[in-house]
Amino acid sequence: MSASFTVDLNCDLGESFGAYHLGTDKAILPFVTSANIACGFHAGDPAVMKRTVRLALQHNVAIGAHPGLPDLVGFGRREMAVSAEEAHDMVVYQLGALDAFVRAEGGRMHHLKPHGALYNMAAVNAALAEAIAEAMYRVNPELVLYGLAGSELIRAGEKLGLRTAHEVFADRTYQPNGTLTPRRQPDALITDSQLAIRQVVRMVKEGKVRAQQGPDVAMQADTVCIHGDGAHAVAFAQQIRQVLQQEGVQVRAAQHPATA
């Protein structure tokens, strides 16, 4: 009997702000299975949050909070010297805000995935990771915690007994220790879509990724991040979903008690 493979395709959405439009939310939703919606700190505002929640519900896509650092100008991609307690409070605040919109629209929250610098900091800083996991646990322990595969955030969630989803990236290169190549390096991004898709299929079916320096690295792939703000994001999302299904991989949101 052949092995059964399942993976989630997630995308960061709701990142417009006021009169400023960003991303291709409506066009990409038919091809992803979970949406990480900005909660107003790094992007998004109340109207954008409501609109994005409605769109996600219309497409039967699992909804997750996407809390970030309070940095609209820097889009949440600049590190800030926040304490663990501050990170905890920021996550509780943003999770509560999005959850209110989801409930108001008749939906149910599925997961949480930190954004940008907060995501990267929580991947390597155990105290920060534990604060974020604790915040989610205290608000709703039934949610799924999305984090970089093998990261401190995933370990923090597992210590609390939370459901976790190891996230991998189609368009990023990896280092021998399983971390992403920093964006400041010229070879951090994979621009060849075929190469990116082959990397994802291998991570899902073989549990491995080839590091830049050559060796294979073990990699659990529960969910794949699709960047929604790229020039070819929609076409890539459509293509990767089609290839995964041709490869016998079932594409669906990361397991959750309400959706399993």
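In this predicted model, the buried residues of helix 2 are Val48, Met49, Thr52, Val53, Leu55 and Ala56. Their directions span an arc of only 165° around the axis, which places them on the same side of helix 2. Pro46 and Gln58, on the other side of helix 2, are exposed. The buried residues pack against strand 1, helix 1, strand 2 (34–38), strand 3 and helix 3. The end C-alpha atoms of helix 2 are 19 Å apart, in agreement with the 18 Å that its 13 residues should span at 1.5 Å a residue.

The loop between helix 2 (46–58) and strand 3 (62–66) contains asparagine 60. The phi angle of asparagine 60 is positive, near 55°, in a residue other than glycine. With a relative accessible area of 72%, asparagine 60 is exposed, because exposure is assigned to values over 50%. A positive phi of about 55° is also found at phenylalanine 75, which is not a glycine. Phenylalanine 75 belongs to the loop between strand 3 and helix 3. Its relative accessible area is 17%, so phenylalanine 75 falls under the 20% limit and counts as buried.

Helix 3 (residues 84–104) packs with helix 5 (residues 126–139) at an angle of about 35°, and the two axes are 8 Å apart. The crossing of helix 3 and helix 5 is right-handed. On helix 3, the contact is formed by Ala84, Ala87, His88, Val91, Val92 and Leu95. Helix 5 contributes Ala127, Leu128, Ala131, Ile132, Glu134, Ala135, Met136, Arg138 and Val139. By class, the residues of this contact comprise twelve nonpolar, one polar and two charged.

Serine 151 is located in the loop between strand 5 (144–148) and helix 6 (152–159). Its relative accessible area is 4%, and serine 151 is therefore buried, the limit being under 20%. Asparagine 120 lies 31 residues from serine 151 in sequence, and their C-alpha atoms are 9.3 Å apart in space.

Helix 8 (residues 233–246) consists of 14 residues. From its first C-alpha to its last, helix 8 reaches 20 Å, close to the 20 Å expected at 1.5 Å a residue. Ala233, Phe236, Ala237, Ile240, Arg241 and Leu244 are buried in this helix. These residues lie on the same side of helix 8, because they cover an arc of only 130° around the axis. An α-helix has 3.6 residues a turn, so residues three or four places apart point the same way. The elements covering the buried residues of helix 8 include strand 1 (5–13), helix 1 (25–28), helix 7 (193–206), strand 9 (223–226) and strand 10 (249–251).

Valine 234 is also part of helix 8. At 23% relative accessibility, valine 234 is partly exposed, since this value lies between the limits of 20% and 50%. Apart from neighbours within four places in sequence, valine 234 is in contact with Thr24, Ala27, Ile28 and Phe31. Phenylalanine 17 is 217 residues away from valine 234 along the chain, and the C-alpha atoms of the two residues are separated by 21 Å. Just after helix 8, glycine 248 adopts a positive phi of about 85°.

Methods:
Residues are numbered from 1 along each chain as its sequence is written. This is a predicted model: local features need pLDDT of at least 70, side-chain atom pairs count only at pLDDT 80 or more; totals for chains, interfaces and linings use all residues. Side-chain values use heavy atoms; hydrogens and water are left out. Axes are lines fitted to C-alpha atoms, for helices over the stretch in contact, and angles run from 0 to 180 degrees between N-to-C directions. Helices (H or I, at least four residues) and strands (E, at least two) are DSSP runs, numbered from the N terminus. A crossing is left-handed if the near helix is turned anticlockwise from the far one by less than a right angle, and right-handed if clockwise. Contact means heavy atoms within 4.5 Å. Ala, Val, Leu, Ile, Met, Phe, Trp, Tyr, Cys and Pro count as nonpolar, Asp, Glu, Lys and Arg as charged, and the others, Gly among them, as polar. Buried means under 20% relative accessible area, exposed over 50%, partly exposed in between (1.4 Å probe, protein chains only). The expected span of a helix is 1.5 Å times one less than its number of residues. The arc is that of the directions from the helix axis to the C-beta atoms.
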